Amino acid sequence: MKRILTGDRPTGPLHLGHYVGSLMNRARLQSEYETFIIVADVQTLSTNFAHPEHLPEDVRRVTLDNLSVGLDPGKVSIFIQSMVPQIAELTVIFSMFVTVNRLRHNPTIKTEAGQHGFEDNMTYGFLGYPVSQAADILFCRADLVPVGEDQMPVVEVSRFVARRFNELYGEVFPEPEGLMSETARLIGLDGQAKMSKSLGNCIYLSDTSEEVRKKLMSAVTDPARIRKDDLGHPEICTIFSYQKAFNPTEVCDIEERCRAGTIGCVACKKRMIEVIETILGPIRERRLQFEAPGMVEEILRTGTEAARQEGERTMEMVREAMHISYFQR
Ligand code: TRP
């Protein structure tokens, strides 16, 4: 079976943008691929190094988010990055042949450096996170990496690392492919380009029905529509973009009626609330099951053990290829 590796930084609850960007693909592909899900706690420190105290709660939350979308802990290995030492070992090895310029010019690094205000003064770890992420992906010799659009340039670094390693030392790694979903990006509730926790414009997987209702009812639509029979412009409407993402069977009909002024924004929003509830309802139920005391810890413990074993297999191949397998360990 081919392998998937993907995952998240534990920085807070996951939202519908994560769901359409990557979580849906994870759940869909878990039976076709041997799947590893990384909870990237060390990567969180690339920006949050001063606040490690939030990690335990955020690690638990992001694990629950993954389980709640239907990832089956009997099939997939969910593990904690910092507890798989082979990832740290590979990071050091890969860092020897990735140039600083390649990292400085990486579009994701540039955008995120801008967001955090560290264009002229970034840490070694932040600049190098794509190298560490290459180790996240390659420690289990993954073939496929389902991610949102914003992460594609980082996956590109992993592809480079795999190719370059193989060229330098011999064939060890598959060249991992990024997999973007059909809806690569979800517009924020405020109409901004993307849902993002820092912008506060998200619907979280863990939101209650009441929170979802309030958020959608107050979302911006087409400003040209004042009365419900005004002609609409779905292409500029946030709610319509959600209809496209979540309501494929009705989206054409809704588009026509919006343009013709025969469906108003309130009715359109109410329908959207129902559709989102059909997605979030089962997610909330599954979350409840996994919230039982000790369950998340047990799932992470098992997943982390599986990841370590795979990491050690890879390290043996790496040491052999690099002539650093000096004697029996
Ligand atoms: N960088 C990803 C994010 O910010 C999280 C992540 C860490 C990841 N390691 C990974 C994603 C490996 C895919 C593969 O969401």
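**Notes on a pocket and a helix pair**

1. The second largest pocket holds about 490 Å³ of space. A pocket here is an open set of points on a 1 Å grid over the protein atoms alone, where a 1.4 Å probe fits, with protein on both sides within 12 Å along at least five of seven lines. The volume is the space filled by probe spheres set on the points.

2. This is a predicted model, in which local features need pLDDT of at least 70 and side-chain atom pairs count only at pLDDT 80 or more, while totals for chains, interfaces and linings use all residues. Residues are numbered from 1 along each chain as its sequence is written, and side-chain values use heavy atoms, without hydrogens and water.

3. Lining the second largest pocket are 23 residues (an atom within 4 Å of a point), and Thr-91, Tyr-124, Gly-125, Gly-128 and Ser-132 lie nearest its centre. Elements giving two or more residues to this lining include α4 (85-95) and α8 (129-138); helices are DSSP runs (H or I) of at least four residues, numbered from the N terminus. The most comes from α4, with six residues.

4. Which helix axes cross at roughly 85°? Those of α3 (residues 55-68) and α14 (residues 295-321), which come within 10 Å; the axes are lines fitted to C-alpha atoms over the stretch in contact, with angles from 0 to 180 degrees between N-to-C directions. The two helices, α3 and α14, are therefore roughly perpendicular (65 to 115 degrees). In this contact (heavy atoms within 4.5 Å), α14 contributes Val-296, Glu-297, Ile-299 and Leu-300.

Methods:
Angles under 35 degrees count as roughly parallel, over 145 as roughly antiparallel, 65 to 115 as roughly perpendicular and the rest as oblique.
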